[in-house]
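Please read the points below with the model open beside them.

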Amino acid sequence: MKKSYQHKTLGILGGGQLGRMVIQSAINYNLDIHILDPDPSAPCKDIAQKFSVGSLRDFDTVYKFGQACDVITIEIENVNTDALQRLADEGKEVFPQPAIIKLIQDKRLQKQFYREKGIPTADFVLTENKEEVRLHADFLPAVNKLGREGYDGRGVQILRNESDLDLAFDAPGLLEKLVDFEQEIAVIVAKNQNGEIRTFPAVECAFHPTANLVEFLFSPATITASIEKRAQEIAVEVINALGMVGILAVEMFVTNDGQVLVNEIAPRPHNSGHHTIEANYTSQFEQHLRSVLNMPLGNTEGRCPAAMVNLLGEEGYTGDAYVEGLDEAIAQKGVYVHLYGKKTTKPFRKMGHVTILDESIEILKRRALAIKNLIKIKTL
């Protein structure tokens with residue numbers, strides 16, 4: 001008899017805040033979650049049924065970890081895909097599939113995939129080093145991206161003119177035409193093994209001016225019905241083109257002339273879906289569980305307008321974390337604080353987020369700014 005998802009052990013590579021919030025959803029279903037993370041004090045360490053310390057990039061470590069699980073998934077892409085492929089070949093369920101993780105690990109492969117599949121994206125050229133970037137000075141203004149290892153604002157450099165060429169990366173990467181966009185939006189889409197697909201409503205993202213991290217998020221996005229429809233279609237198109245099982249965040253630009261272009265994708269729960277814990281009938285974290293365990297996918301409709309504020313470590317503070325303004329924030333109606341279990345803060349480290357629920361996006365924009373100015377992650 002085939003084992004029910006209720007009796008399967010789910011292994012997650014990565015024990016950060018995303019894994020932590022997946023576990024918080026899994027608790028409601030009595031699911032056993034095993035975690036592998038290199039950090040012995042990772043956010044998941046005290047709430048997983050089993051927590052193992054080890055490298056996510058080491059073949060033997062990942063392979064041994066996966067052997068004790070029925071289903072393996074990720075909360076970070078920087079993992080050993082060869083070990084995951086071996087596990088899949090031996091009958092373990094690995095979602096997203098190892099080949100998809102490998103594709104997304106390299107932005108060069110990712111962009112070529114969009115081009116081959118006819119998925120709308122900004123024009124680009126591949127480069128091997130800084131000297132090759134210089135040879136494409138006529139392609140500027142552009143965004144220079146590292147092919148591998150770039151995340152959370154790292155590995156991305158805007159080159160507006162020839163005077164910026166010294167900032168280019170001296171490693172394999174790409175030059176992507178700088179898009180004249182009106183908004184940055186994201187759609188999260190999930191697919192299970194039965195082929196069931198659900199998308200979340202598009203959200204609007206506002207980025208920190210220097211850290212290149214999402215600072216605010218607003219749901220639903222203030223876009224026309226036709227752009228919402230197009231964004232939803234593109235998200236479904238991408239997950240189908242990948243043939244992927246799991247949850248996928250699709251980040252997109254809405255250009256000034258109304259085009260919707262894919263920027264990047266992430267095959268896991270994503271910062272653009274944190275608000276769904278309170279704001280939607282099913283959270284992205286529960287949907288992740290449902291998709292990789294082949295459960296029925298949940299309803300993704302929003303309950304009401306929402307804003308999300310990322311809580312980043314304040315500049316000038318490194319050490320034991322202290323949350324300033326916490327009491328004043330949680331005394332307010334519709335304010336939900338999520339701290340990630342990180343005891344040490346440093347500048348721009350993701351320490352938590354706040355979701356705010358209210359009647360309109362206009363009100364939420366004011367309240368989000370007020371919360372950002374109220375809550376500060378400093379040191380004792």
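**Notes on the predicted model**

1. By the rule used here, there are three cavities of 30 Å³ or more. A cavity is a set of points on a 1 Å grid over the protein atoms alone where a 1.4 Å probe fits but cannot get out; a pocket is an open set with protein on both sides within 12 Å along at least five of seven lines; lining residues have an atom within 4 Å of a point. Grid points are joined across faces, edges and corners, and a volume is the space filled by probe spheres set on the points. This is a predicted model, in which local features need pLDDT of at least 70 and side-chain atom pairs count only at pLDDT 80 or more, while totals for chains, interfaces and linings use all residues. Residues are numbered from 1 along each chain as its sequence is written, and side-chain values use heavy atoms, with hydrogens and water left out.

2. The largest cavity has a volume of about 60 Å³. Its lining consists of Ala186, Val187, Ile188, Phe200, Pro201, Val203, Ser219, Ser272, Gly273, His275, Thr276 and Asn280. Strand S10 (residues 181-191) gives the most to this lining, with three residues. Helices (H or I, at least four residues) and strands (E, at least two) are DSSP runs, numbered from the N terminus. By class, the lining of the largest cavity has six nonpolar, six polar and no charged residues. Here Ala, Val, Leu, Ile, Met, Phe, Trp, Tyr, Cys and Pro count as nonpolar, Asp, Glu, Lys and Arg as charged, and the others, Gly among them, as polar.

3. His275, one of the residues lining the largest cavity, is found in the loop between strand S15 (260-266) and helix H8 (276-279). Is His275 buried or exposed? With a relative accessible area of 3%, His275 is buried (buried means under 20% relative accessible area, exposed over 50%, partly exposed in between, with a 1.4 Å probe and protein chains only). Not counting residues up to four places away in sequence, His275 touches Val203, Leu217, Ser219, Asn280, Met308 and Thr355; contact means heavy atoms within 4.5 Å.

4. The second largest pocket holds about 230 Å³ of space. It is lined by 14 residues, of which Glu215, Leu312, Glu314, Lys372 and Lys376 are the closest to its centre. Strand S16 (306-312) and strand S21 (376-379) are the elements that give two or more residues to the lining. S16 gives the most, with four residues. The lining of this pocket has six nonpolar, three polar and five charged residues.

5. Helix H4 (residues 98-105) is largely enclosed by the rest of the structure, because six of its eight residues are buried. The buried residues of H4 are Pro98, Ile100, Ile101, Leu103, Ile104 and Gln105. Their cover includes strand S4 (71-74), helix H3 (81-89), strand S5 (93-94), helix H5 (107-117), helix H7 (225-242) and S15.

6. Two packed helices are described by the angle between their axes and the distance between the axes. The axes of H4 and H5 come within 5 Å and cross at roughly 105°. Axes are lines fitted to C-alpha atoms, for helices over the stretch in contact, and angles run from 0 to 180 degrees between N-to-C directions. H4 and H5 are therefore roughly perpendicular to each other (angles under 35 degrees count as roughly parallel, over 145 as roughly antiparallel, 65 to 115 as roughly perpendicular and the rest as oblique). Lys102, Leu103, Ile104 and Gln105 of H4 meet Lys107, Leu109, Gln110 and Phe113 of H5.

7. Helix H1 (residues 17-26) and helix H9 (residues 284-292) have axes that come within 8 Å and cross at roughly 75°. H1 and H9 are therefore roughly perpendicular to each other. Leu18, Met21, Val22, Ser25 and Ala26 of H1 make the contact with Phe285, Glu286, His288 and Leu289 of H9. The residues of this contact divide into six nonpolar, two polar and one charged.

8. Arg290 lies in helix H9. Arg290 is buried, with a relative accessible area of 16%. Arg290 and Ala190 are 100 residues apart in sequence and 8.9 Å apart in space, C-alpha to C-alpha.

9. Asn78 sits in the loop between S4 and H3 and counts as partly exposed, at 32% relative accessibility. Leaving aside neighbours within four places in sequence, Asn78 is in contact with Leu56, Arg57, Gln105 and Glu149.
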